Amino acid sequence: MRGRDILKTDMTGPVYLGHMPSGPALQLNFDREQRRWLLRLALLGTLVQAVTAGYLLATTHNDPRATQAVLGLVLTVALSVVTSLPHLPVRAVQRSSVGLLLGWLLMNVLSVLVTHRPITSGMLLHLTMLSLLAFSWTPARWAILVSAVGYGAVCLATVSSRVPDFPGLLLTGFLLPLIWMVTTRGYAVTRERLRSDALQELAATDELTGLHNRRAGQARLMALADLWADAPDRLSVLLLDLDHFKSINDALGHSRGDHVLRRVAELLQDAARPGEVVRWGGEEFLVILSGLTPAEALRVGEEILTLLRSVNLTDIRPLTFSGGLASLSEALTMSAVLELADQRLYQAKHAGRDRLMA
């Protein structure tokens with residue numbers, strides 16, 4: 001069994017440090033969040049339409065509203081299916097949704113023009129939802145156009161209805177610019193929150209390897225030290241140093257050396273849970289072993305060294321690592337644990353390298 005399986009079973013979960021770095025990745029994260037909310041909204045709309053259609057079919061006979069409710073149910077089901085398609089661009093889904101809602105509203109208006117039936121609160125709510133989604137998902141000029149067309153159509157239906165609802169129409173007209181202000185502000189807040197997450201991730205990530213950097217690793221260790229204060233033998237650290245790394249840089253160049261470090265980082269990430277591997281500095285890596293006894297930590301450390309020896313890179317000798325392992329039960333503070341692991345790492349170096357001292 002590889003160390004990865006042990007660590008995934010016994011170690012505590014990673015600390016949350018944000019999502020996306022910046023630029024296109026930030027937009028990708030924003031789009032994913034938009035898709036999740038769109039799917040939830042579509043599913044909620046499907047539930048509402050299903051209840052509405054069931055109620056009208058059970059309590060009325062030949063009521064045009066029942067037909068419209070069934071049609072709305074079909075549209076919301078179709079929207080839920082389309083939204084769940086991962087390869088369909090979010091922008092296409094959003095604009096298609098707005099187009100479907102506008103078409104559905106115009107069909108209801110046409111029904112009122114033909115039958116002169118009373119204007120229901122559902123039609124005004126439909127217009128409000130249409131405006132809300134249009135301002136959230138489409139450029140402002142298109143959202144204004146959609147809202148104007150929808151409001152104009154509802155005004156026409158109100159005039160044609162035998163029971164017009166002018167107060168409701170005026171209130172809806174007041175809500176539309178309010179929706180524009182609220183959605184614009186909400187969009188800006190969401191973008192800033194994601195940007196804040198991105199900056200937090202950048203501050204915690206080593207640019208070369210994608211691992212947590214030393215600062216993030218120290219914060220993680222402090223949190224775990226508090227967590228395991230009553231069972232200090234369940235928290236250990238493994239400090240690893242790539243043997244003769246300077247010779248790789250000198251012989252093959254720093255670019256090749258960076259490639260080696262990235263490959264080592266990938267293997268360590270495979271051997272431990274996300275968030276538990278830290279680039280400690282230069283060619284040094286720290287693996288946090290949480291939830292393991294000292295004997296289990298030692299076994300996992302040996303397995304990790306064996307895994308790293310399997311790296312096969314062209315023009316580079318087989319890689320070896322020296323390691324130092326220390327437990328919180330051996331020292332009073334986490335700083336002392338790290339110092340002890342560092343001392344054992346250098347003992348491994350002086351003893352001939354390619355070994356783990358514990």
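Colleague: To start, which helix does F245 lie in?

Modeller: F245 lies in helix α9, residues 245-252. Helices are DSSP runs of H or I with at least four residues, strands are runs of E with at least two, and both are numbered from the N terminus. This is a predicted model: local features need pLDDT of at least 70, side-chain atom pairs count only at pLDDT 80 or more, and totals for chains, interfaces and linings use all residues. Residues are numbered from 1 along each chain as its sequence is written, and side-chain values use heavy atoms, without hydrogens or water.

Colleague: Is F245 buried or exposed?

Modeller: F245 is buried, at 7% relative accessibility. Buried means under 20% relative accessible area, exposed over 50%, and partly exposed in between, with a 1.4 Å probe and protein chains only.

Colleague: What does F245 touch?

Modeller: Not counting residues up to four places away in sequence, F245 touches G257, L261, E283 and R317. A contact means heavy atoms within 4.5 Å. F245 and E283 are 38 residues apart in sequence, and their C-alpha atoms are 7.1 Å apart.

Colleague: Next, R279. Where is that residue?

Modeller: R279 sits in strand β2, residues 277-281. R279 counts as buried because its relative accessible area is 15%.

Colleague: What does the side chain of R279 reach?

Modeller: The R279 side chain reaches the backbone oxygen of G282 at 3.0 Å. Leaving aside neighbours within four places in sequence, the contacts of R279 include D206, H212, L261 and E284.

Colleague: And S327, what does its side chain pair with?

Modeller: The side chain of S327 makes a polar contact with the side chain of S329, at 3.0 Å. A polar contact is a pair of N or O atoms within 3.5 Å; within protein, one must be able to donate a hydrogen and the other to accept it, and residues adjacent in sequence count only if both atoms are side-chain atoms. The S327 side chain also reaches the backbone oxygen of L235, at 3.5 Å. S327 is in strand β4, residues 321-327, and is buried at 4%.

Colleague: Changing topic. What volume does the largest pocket have?

Modeller: About 830 Å³. A pocket here is an open set of points on a 1 Å grid over the protein atoms alone, where a 1.4 Å probe fits, with protein on both sides within 12 Å along at least five of seven lines; lining residues have an atom within 4 Å of a point. Points are joined across faces, edges and corners, and the volume is the space filled by probe spheres set on them.

Colleague: Which residues lie nearest its centre?

Modeller: V48, Q49, W104, G122 and H126, out of 32 lining residues. Helices α2, α3, α4 and α5 each supply at least two residues of that lining.

Colleague: How confident is the prediction, what is the mean pLDDT?

Modeller: The mean is 80, and 85% of residues reach 70 or more. Over residues 1-24 the pLDDT is below 50, and that stretch has 66 contacts in the model beyond near neighbours in sequence. pLDDT is the predictor's confidence in each residue, from 0 to 100. Where it is low, the predicted coordinates should not be read in detail.
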